[in-house]
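Me: Could you help me look at this one? I'd like to start with a single residue and then move on to the interface.

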Amino acid sequence: MCLAVPGKVIRWLDRDPLFARAEIEFEGVRRACHMACVPDTEVGEFVIVHAGVAISRVDAAEAQHILEELRHLSDAYEESPP
Amino acid sequence: MKLVDEFRDVELARSLVVDIRQRATRRWVLMEVCGGQTHSLLRNGIDAALADVVELIHGPGCPVCVTPAEDIDLACQLAQRPEVILTSFGDMLRVPGNAGSLLDAKTRGADVRMVYSPLDAVALAQREPHRQIIFFAVGFETTAPTTALAVLQADRLELENFSMIVSHVRVLPAMTLLMRAPDNRVQGFLAAGHVCTVTGFAAYDDFVREFHVPVAVTGFEPLDLLVGIRECVTQLEARIASVANCYGRSVQRAGNADAQQLIDRAYQITDGPWRGFGNIARGVLRLRPELKRFDATQRFEATESLPCLTNDCPASEVLSGRIKPRECRHFGTTCTPATPLGAPMVSSEGACAAYHRYAGQTERHGLAGPS
């Protein structure tokens, strides 16, 4: 029910605060989504969409940071298995 | 899919499993709050891979499972009116009330339609000015901004033919109720990542102070879940309890202010019923008085009480984590997804449906069990 998926903002369609919409791409499929909760998002950014409404802007740097940390962990275990 | 596939990396997941197993000196009991997390844990075999160091109790986070049967009955009743098109999320249509589901009402001739978004129901109201469009609004704080947006748009558009049955529930009061139960076993929480995306996690500070349990704000992909579990285990082993954000790519401490503002404009917090739990203090959201003209319960009069069908589905025991689905005597025999006795087997996010679908699989996502 709380399923939400990330998609890339392709272009803005409407900037009205209540009716804000943008075209979002999900794995090559484009769909108009409501943007009232993420009004400051810029084209090219990723947003997380739930029930047709973007509910957050993805912090891409944070995503990379955690993946880097996990790769270091994995490398460490590969070099010296527990 | 970018930002999804990276968080399903099997090698990194295996490293995290090893890391968690090294940190744990005993078996800890954690609750994942959200039904989406339950399904991902089972689908990916995380429960099995960590079975000897972590017991995962499945929380109440399947919104359609805790939607009161009376609200479903009301929706079914209003759907029978010839002028009404009753809309809701697909999951909600299959869950039975006391007298059948919305899909049952549809087979009896009611105009019941599944929508992907509440805003689709608003668009339908614009396209069908001679019909009354009712949206059955259910879900946690993740979903509340989307239905708030729908009613605020309807207000701006001055739509006379749009209304809602509002049955939104709030997560934190239910977690508090679970912790206060005398038979509570939960030692740490994986908080629901998309709820916290909207609400933030500052509100969990008081919760942690009161109950001294770690709370890890956690996402839905295998690596997200494993990082959340690792955080809880690390804190429990160190005998500390704090709120940790393990889903930083989506969640900020203060949450999404624009989404919160939408909720505040449309809804007020009240006491109200959860199916299987009874009345929960500050547990539900209802329309603000100034938007009451969009309240379907006020626009239409419910005409008759429906006959009550009863069975001995112990859904409340499953939803509160007191029993695992397999401990129910009906599980997999008289209760299956094809012949469900209760909401947790009907809903695609229900714990019983997750067990039925995944728990028999021995190799899930390549995560090996304990060696």
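**One histidine, then the interface**

Me: Which residues does H194(B) touch, leaving out those up to four places away in sequence?
Reply: H194(B) touches C2(A), A4(A), I48(A) and I55(A), along with T142(B), F220(B), Y247(B) and S250(B), where contact means heavy atoms within 4.5 Å. This is a predicted model, in which local features need pLDDT of at least 70 and side-chain atom pairs count only at pLDDT 80 or more, while totals for chains, interfaces and linings use all residues. Residues are numbered from 1 along each chain as its sequence is written, chains are lettered from A and ligands numbered from 1 in the order in which they are written, and side-chain values use heavy atoms, with hydrogens and water left out.

Me: Is H194(B) buried or exposed?
Reply: H194(B) counts as buried because its relative accessibility is 2%, and buried means under 20% relative accessible area (1.4 Å probe, protein chains only).

Me: What does the side chain of H194(B) make a polar contact with?
Reply: Its partner is the side chain of Y247(B), at 2.8 Å; a polar contact is a pair of N or O atoms within 3.5 Å, and within protein one must be able to donate a hydrogen and the other to accept it, with residues adjacent in sequence counting only if both atoms are side-chain atoms.

Me: Switching to the interface, how many residues does the contact take from each chain?
Reply: The contact takes 38 residues from chain A and 51 residues from chain B.

Note on methods. Buried means under 20% relative accessible area, exposed over 50%, partly exposed in between (1.4 Å probe, protein chains only).
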